[in-house]
Amino acid sequence: MRMRPLGRTGIQVSPYCLGTMMFGRVGNPDHDDCVRIIHRAMDAGINVIDTADVYSYSETEEIVGKALKGRRDDIVVATKVSGPMGDDPNRAGNSRRWIITEVEHSLRRLRTDHIDLYQIHHPDPRTDIEETLSALTDLMSSGKVRAVGTSNFPATDIVEAQWVAERRGLARFRTEQPPYSLVNRGVEREVLPVCERYGLGTLVWGPLGMGLLTGRYRKGGTARPPERRMAWVPRHMSDERTLDTVERLALLAEEAAIPLTHMAMAFTVAHPGVTSAIIGPRTMEQLDDLLAGAGTVLDDDLLDRIDEIVPPGSDIGPLDVSYDPPAITRAALRRRAADGRAAA
């Protein structure tokens with residue numbers, strides 16, 4: 001695979017990134033099989049692995065650590081912090097207290113003395129971004145972390161973090177990890193342009209539409225998404241408008257004689273603002289299918305026809321796991337009290 005620069009970090013990464021969310025109890029519980037999948041991806045030229053502390057509640061990081069034994073220097077390891085790791089409210093979020101604690105746990109599970117890219121998994125409106133950047137700066141100074149990034153950050157939060165870093169002399173976020181696929185193109189409107197403006201690399205997740213763009217779940221077909229996925233992203237997997245759009249895209253892929261998975265991946269990595277697309281295979285067969293399409297390139301005519309089906313910058317349907325800011329999730333922030341005052 002032809003390598004691409006990861007923003008301005010100086011790190012070179014493959015256009016496909018191996019995502020590991022399906023490794024462990026929530027997907028493939030066979031550790032040895034997961035290790036074989038990781039090694040197969042590495043042998044095929046994928047040199048960046050993305051994981052997170054919350055994946056299978058730390059089990060996934062342990063699997064990655066096993067797979068990297070003897071091959072650590074060959075891979076760019078990216079992991080994330082922020083998600084809840086227990087009932088204690090202080091075992092989550094973007095506070096200095098939690099970041100400094102949890103990075104040690106991730107290092108132990110990954111069996112390494114440093115993390116190449118440490119990412120904040122979600123924004124945390126309760127924590128001042130300066131607090132977060134200060135902690136990450138210290139981790140970089142100590143050598144435990146080589147670069148820092150974000151995931152699921154709105155464009156305004158990305159810009160604010162860049163300004164704070166510059167004004168306070170703190171480490172800058174160098175990457176962002178947004179959702180991006182044929183059916184979820186909303187980040188084309190602001191997030192990707194902002195990342196390009198500030199020189200951020202992007203590792204986009206969900207390029208296969210959380211499974212809808214695999215071709216397995218067709219309208220009127222017998223195959224149904226697994227219960228676990230339906231429980232996780234129920235609106236996305238059952239939205240009629242999204243399903244209708246997937247049908248149109250599937251027919252376009254058939255007309256172009258390209259598997260839908262290959263068209264979906266090729267579309268994602270074609271955007272100049274995308275550094276690498278995260279693939280999340282659960283089985284070796286799924287990985288091999290994606291690797292077989294790694295050389296697929298879509299011509300302008302096909303890209304134009306995709307734009308007709310899914311307008312640039314638009315999200316066709318709801319993506320349940322995308323980040324919504326408090327202004328959206330808290331009704332009180334959108335309604336004045338009876339006395340006319342805004343909510344605190």
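Reader: Which residues of H10 and H11 meet in this model?
Author: The model is predicted, so local features need pLDDT of at least 70 and side-chain atom pairs count only at pLDDT 80 or more, while totals for chains, interfaces and linings use all residues. Residues are numbered from 1 along each chain as its sequence is written, and side-chain values use heavy atoms, with hydrogens and water left out. Contact means heavy atoms within 4.5 Å, and helices (H or I, at least four residues) and strands (E, at least two) are DSSP runs numbered from the N terminus. In H10 the residues are Thr 261, His 262 and Met 265, and in H11 they meet Asp 289, Leu 290 and Ala 292.

Reader: How many nonpolar, polar and charged residues does the contact of H10 with H11 have?
Author: Ala, Val, Leu, Ile, Met, Phe, Trp, Tyr, Cys and Pro count as nonpolar, Asp, Glu, Lys and Arg as charged, and the others, Gly among them, as polar. By these classes, the contact of H10 with H11 has 3 nonpolar, 2 polar and 1 charged residues.

Reader: At what angle do H10 and H11 pack?
Author: Axes are lines fitted to C-alpha atoms, for helices over the stretch in contact, and angles run from 0 to 180 degrees between N-to-C directions. The axes of H10 and H11 (residues 284-292) are 9 Å apart, and the packing angle is about 60°.

Reader: What does that angle make H10 relative to H11?
Author: Angles under 35 degrees count as roughly parallel, over 145 as roughly antiparallel, 65 to 115 as roughly perpendicular and the rest as oblique. With an angle of about 60°, H10 is therefore, relative to H11, oblique.

Reader: How many aromatic pairs does the structure hold?
Author: Rings of Phe, Tyr and Trp (its six-membered ring) pair if their centres lie within 6.5 Å; planes under 30 degrees apart count as stacked, over 60 as edge-to-face and the rest as tilted. Under this rule, the number of aromatic pairs in the structure is 2.

Reader: Why is the pair of Phe 153 and Phe 173 classed as it is?
Author: The ring centres of Phe 153 and Phe 173 are 6.1 Å apart. Their planes stand at 70°, so the pair is edge-to-face.

Reader: How many residues apart in sequence are the parts that Phe 153 and Phe 173 tie together?
Author: Phe 153 lies in the loop between strand E7 (148-151) and helix H5 (155-168). Phe 173 lies in the loop between H5 and strand E8 (175-177), so the parts tied together are apart in sequence by 20 residues.

Reader: Is Phe 173 buried or exposed?
Author: Buried means under 20% relative accessible area, exposed over 50%, partly exposed in between (1.4 Å probe, protein chains only). Phe 173 has a relative accessible area of 3%, so Phe 173 is buried.

Reader: Which class does the pair of Tyr 180 and Phe 267 have?
Author: The rings of Tyr 180 and Phe 267 have their centres 5.7 Å apart. Their planes are at 35°, so the pair is tilted.

Reader: Where does Phe 267 lie, and where does Tyr 180 lie?
Author: Tyr 180 is in the loop between E8 and helix H6 (191-197). Phe 267 is in helix H10 (residues 260-270).

Reader: Is Asn 152 buried or exposed?
Author: Asn 152 lies in the loop between E7 and H5, and its phi is positive, about 65°, although it is not a glycine. At 9% relative accessibility, Asn 152 counts as buried.
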